[in-house]
Amino acid sequence: MQESLITDENVELLLADLLEVYGYDFTDYSRASLKRRINRLYSLDKFPSFAEFRYHLRSDATYLKRFVEQITVNVTEMFRDPGFYKALREEVLPNLGTYPFIRIWLAGCSTGEEAYSMAILLQEANLFHKSLLYATDINPSVLEKAGKGIFPLSQMKQYSENYILSGGKKDFSSYYSANYDLAKFDEVLKTKMIFSTHNLVSDHSFNEFQLILCRNVLIYFDKDLQAKVFKLFDESLDNLGFLALGSKETLQFSPIASKFKKSGSEKIWRKIS
Ligand SMILES: C[S@@+](CC[C@H](N)C(=O)[O-])C[C@H]1O[C@@H](n2cnc3c(N)ncnc32)[C@H](O)[C@@H]1O
């Protein structure tokens with residue numbers, strides 16, 4: 001295995017710089033993943049020394065953009081964990097259907113596959129017309145991609161399988177048009193989406209939601225930061241609203257756990273007080 005070039009002390013220096021110079025606070029992110037990704041970037045960009053890497057990051061705001069893009073993990077897919085989407089279809093959406101208007105926050109939405117999946121679910125549940133999806137992420141580059149709604153055609157086989165496993169009954173290809181090696185999703189799906197940068201570490205609540213999805217984001221945060229973000233979600237959720245997390249994440253043991261009740265076998269909780 002290749003020796004780590006960036007030391008633990010180097011990582012701390014970079015995180016302190018990011019906070020001091022740009023106001024980006026990554027200090028409560030889990031170190032193992034951060035260090036691995038910083039090392040990768042350092043090698044990729046072939047800096048001759050750590051001092052030069054650090055200088056570049058401190059003095060060049062365009063490099064900051066690349067840095068943020070590279071140290072955040074953006075892996076995502078449509079109908080990821082189909083059982084979760086099945087639970088949304090069968091348990092959560094019928095409930096949300098009783099509201100006159102449905103606001104959904106997808107926090108840490110990455111390149112938007114989750115938002116398009118959610119829009120498809122809402123269409124199939126006949127709730128699309130009275131819903132609004134707020135899709136946010138810390139990284140503006142992924143949001144730019146999300147806004148286009150264009151994904152590699154090569155992934156559609158997998159997404160179609162996920163869709164069917166989630167209880168989808170239509171022909172999945174009816175939701176996109178294929179052009180060369182790209183799949184462009186129906187423009188209508190986008191009409192209910194609002195994309196915006198939002199940093200879960202430092203930004204405040206911006207609305208009241210009936211459903212918040214924050215999946216596969218908190219695994220990169222330490223316990224204190226997770227607790228802070230859970231508080232933000234609690235403040236942003238309507239009473240009886242739903243909070244959905246990723247398969248390796250839990251609300252159990254968090255400071256807000258007593259205000260929520262687990263709903264079914266998937267990682268979905270309902271606010272009860
Ligand atoms: C692994 S992706 C998860 C995407 C999607 N939610 C899913 O489950 O497929 C994690 C996303 O969280 C975003 N993220 C990381 N830190 C964040 C923060 N402080 N505020 C908002 N988003 C953040 C990353 O930019 C990335 O797009």
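Here are legends for a few close-up views of this predicted model.

**View 1. Two domains in one chain.**
The protein chain splits into domain 1 (8-71) and domain 2 (82-271). Where they meet, the contact takes 10 residues from domain 1 and 10 residues from domain 2.

**View 2**
Together, domain 1 and domain 2 bury about 950 Å² between them, and 54% of that is on carbon and sulfur atoms. Look for Asp 28, Tyr 29 and Ser 30: this trio supplies 48% of the area that domain 1 buries against domain 2, more than any other three residues. What about charged and polar links? Between domain 1 and domain 2 the salt bridge count is zero, while three residue pairs are in polar contact. On the domain 1 side that touches domain 2, helix H4 (residues 61-71) gives the most, with three residues.

**View 2. The largest nonpolar core.**
This core has 45 residues, and the ones touching the most other members are Phe 53, Phe 67, Trp 105, Leu 200, Phe 233 and Leu 243. As a general point, nonpolar side chains tend to be buried together in soluble globular proteins.

**View 3. Zooming in on Trp 105.**
Which residues does Trp 105 touch, not counting those up to four places away in sequence? Among them are Tyr 134, Thr 136, His 198 and Leu 200. Further along the chain, Trp 105 also touches residues including Phe 206, Phe 209, Leu 232, Phe 233 and Ser 236.

Leu 93 is found in helix H5 (residues 82-96). Is Leu 93 buried or exposed? Leu 93 counts as buried because its relative accessible area is 2%, under the 20% cut-off. Its contacts include Met 118, Leu 121, Leu 122, Ala 125 and Leu 127. Leu 121 sits 28 residues from Leu 93 in sequence, yet their C-alpha atoms are 8.5 Å apart in space.

**View 4. Asn 39 reaching for Leu 5.**
Asn 39 has its place in helix H2 (residues 31-44). With a relative accessible area of 11%, Asn 39 is buried too. Where does its side chain go? The side chain of Asn 39 reaches the backbone nitrogen of Leu 5, at 2.9 Å.

Key: Residues are numbered from 1 along each chain as its sequence is written. This is a predicted model: local features need pLDDT of at least 70, side-chain atom pairs count only at pLDDT 80 or more; totals for chains, interfaces and linings use all residues. Side-chain values use heavy atoms; hydrogens and water are left out. Helices (H or I, at least four residues) and strands (E, at least two) are DSSP runs, numbered from the N terminus. Buried means under 20% relative accessible area, exposed over 50%, partly exposed in between (1.4 Å probe, protein chains only). A polar contact is a pair of N or O atoms within 3.5 Å; within protein, one must be able to donate a hydrogen and the other to accept it, and residues adjacent in sequence count only if both atoms are side-chain atoms. A nonpolar core is a set of buried Ala, Val, Leu, Ile, Met, Phe, Trp, Tyr and Cys residues joined through side-chain atoms within 4.5 Å. Contact means heavy atoms within 4.5 Å. Domain bounds come from an automatic or database domain assignment. Buried area is the accessible area (1.4 Å probe) that two parts lose on being put together, summed over both. A salt bridge is a side-chain nitrogen of Lys or Arg within 4 Å of a carboxyl oxygen of Asp or Glu.
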